Amino acid sequence: MRAVMLKEFQELGRDRRTLALLIGMPLLLLVIFGYAANFTVETLRVTIVGADADQIQTLIEENDDLSDHLEVVSTDTAEDEADAQAALVDRDADVAIYADGGDTVTVFIDGSNLFAAQSAQLLFAQVAQQLSAQAPVETGQGQQASAPTIETEVLFNPDLKTSWVMVPAIIGLILTFIGTIITSIGLVREREAGTLDQLAVMPLKASGVVLGKITPYFLLASFDMAVITALGMWLFGVPFVGNPVIFIVGAGLFLFVVLGLGVLISSVSQTSGQAIQLAMMTLLPQILLSGMIFPLDAMAAGVRWIGYLLPLTYFTIISQGVMLRGAGWEALWVPLLILAVMAVAIFGLAVMRLHASIAPARPRRRDRAGAR
């Protein structure tokens, strides 16, 4: 028994991937759930428009309860209600306040940002209650002026349904699962079956091999994406108000990223077990840190930056922007560009790694042929 135990410890010491999974994963989960597991968004980005925009900004800055939770990102007295809503479509702010000089101040809330919207509703409900309890103020003409009435309107997700926010993110999760886990075992199967040498002697470039291996998964993932999107719209009533072309382009770029990542993982793994381990280690952070479950705005700064390195973060921004807010190219070009850069970088690295895996087999083939 002692010998068996020592043998297992020695095997674990040699298997660095399993050791990293046993030690690193619990530490990762501890850090993530300790610093990232927060559903409360403390600070909301606010844009203020209308004739009384400057007065509203002053009111926020002079009120500690408001200034602690509202960050004024822009103020414009010349803009109107349509501009306030456009700021939310472009995701320039979480909340847009329209004050036209009348007795009513309208607060527009971005419902596609679920947890920020819930925090905004609670905050402005408290503000409205405080204002309604205030006594009228006497003006210089001896007249009494009551505090303005605050009306809140949730856009893009009026009922704050969780399914409306989750379905666009789940589409990306399914694509990540297919691209990373399923594809990662593709090249490993070639190595385990002993057919990698056959690829080495074939007149194929490494890029052609990678494209040939990811094309079936690309088509399968595209089909799954269409099915899940249609089912989400049908079962949960999720709207699709934006440009389908933007959605397709974003999904295509994202697929190239995750499929390239799957091939890259398979090229550095010797067995299917190793490939699955690495795939799980890359998949879990994307689920927890992409903003799909926990809002990025609520994460600690030391953890939040990891989310901005993950491709699922940017696909979620694109899918929610197109489906819920109807965002256009001018609002989504940044995440689209980042996905394009990731696709080129990861696909290029996968090609180089595959070339490095195949190249050593070619001299051995030639040497054998010469020896004969």
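A crossing of two helices is left-handed if the near helix is turned anticlockwise from the far one by less than a right angle, and right-handed if clockwise. In this predicted model, local features need pLDDT of at least 70, side-chain atom pairs count only at pLDDT 80 or more, and totals for chains, interfaces and linings use all residues. Residues are numbered from 1 along each chain as its sequence is written, and side-chain values use heavy atoms, with hydrogens and water left out.

Helix α7 (residues 162-184) passes helix α11 (residues 244-267) in a right-handed crossing; helices (H or I, at least four residues) and strands (E, at least two) are DSSP runs, numbered from the N terminus. The two axes, lines fitted to C-alpha atoms over the stretch in contact, come within 7 Å and cross at roughly 30°. The angle, taken between N-to-C directions on a scale from 0 to 180 degrees, therefore makes α7 roughly parallel to α11 (under 35 degrees). Residues of α7 including I171, L175 and T183 meet residues of α11, among them F247, F254 and I265 (heavy atoms within 4.5 Å).

Strand β3 (residues 95-99) is largely enclosed by the rest of the structure, because five of its five residues are buried (under 20% relative accessible area, 1.4 Å probe, protein chains only). V95, I97 and A99 point one way from β3, and A96 and Y98 the other. Strand β1 (residues 44-49) runs parallel to β3 and is joined to it by four bridges (pairing needs at least two DSSP bridges), with A96 the bridge partner of T47. Strand β4 (residues 104-110) runs antiparallel to β3, with five bridges, and V107 is the bridge partner of I97. Four residues separate β3 and β4 in a hairpin, where G101 in the turn has a positive phi of about 95°.

How values were computed: Buried < 20%, exposed > 50% of the residue type's maximum accessible area, 1.4 Å probe, protein only. Parallel < 35°, antiparallel > 145°, perpendicular 65-115°, else oblique.
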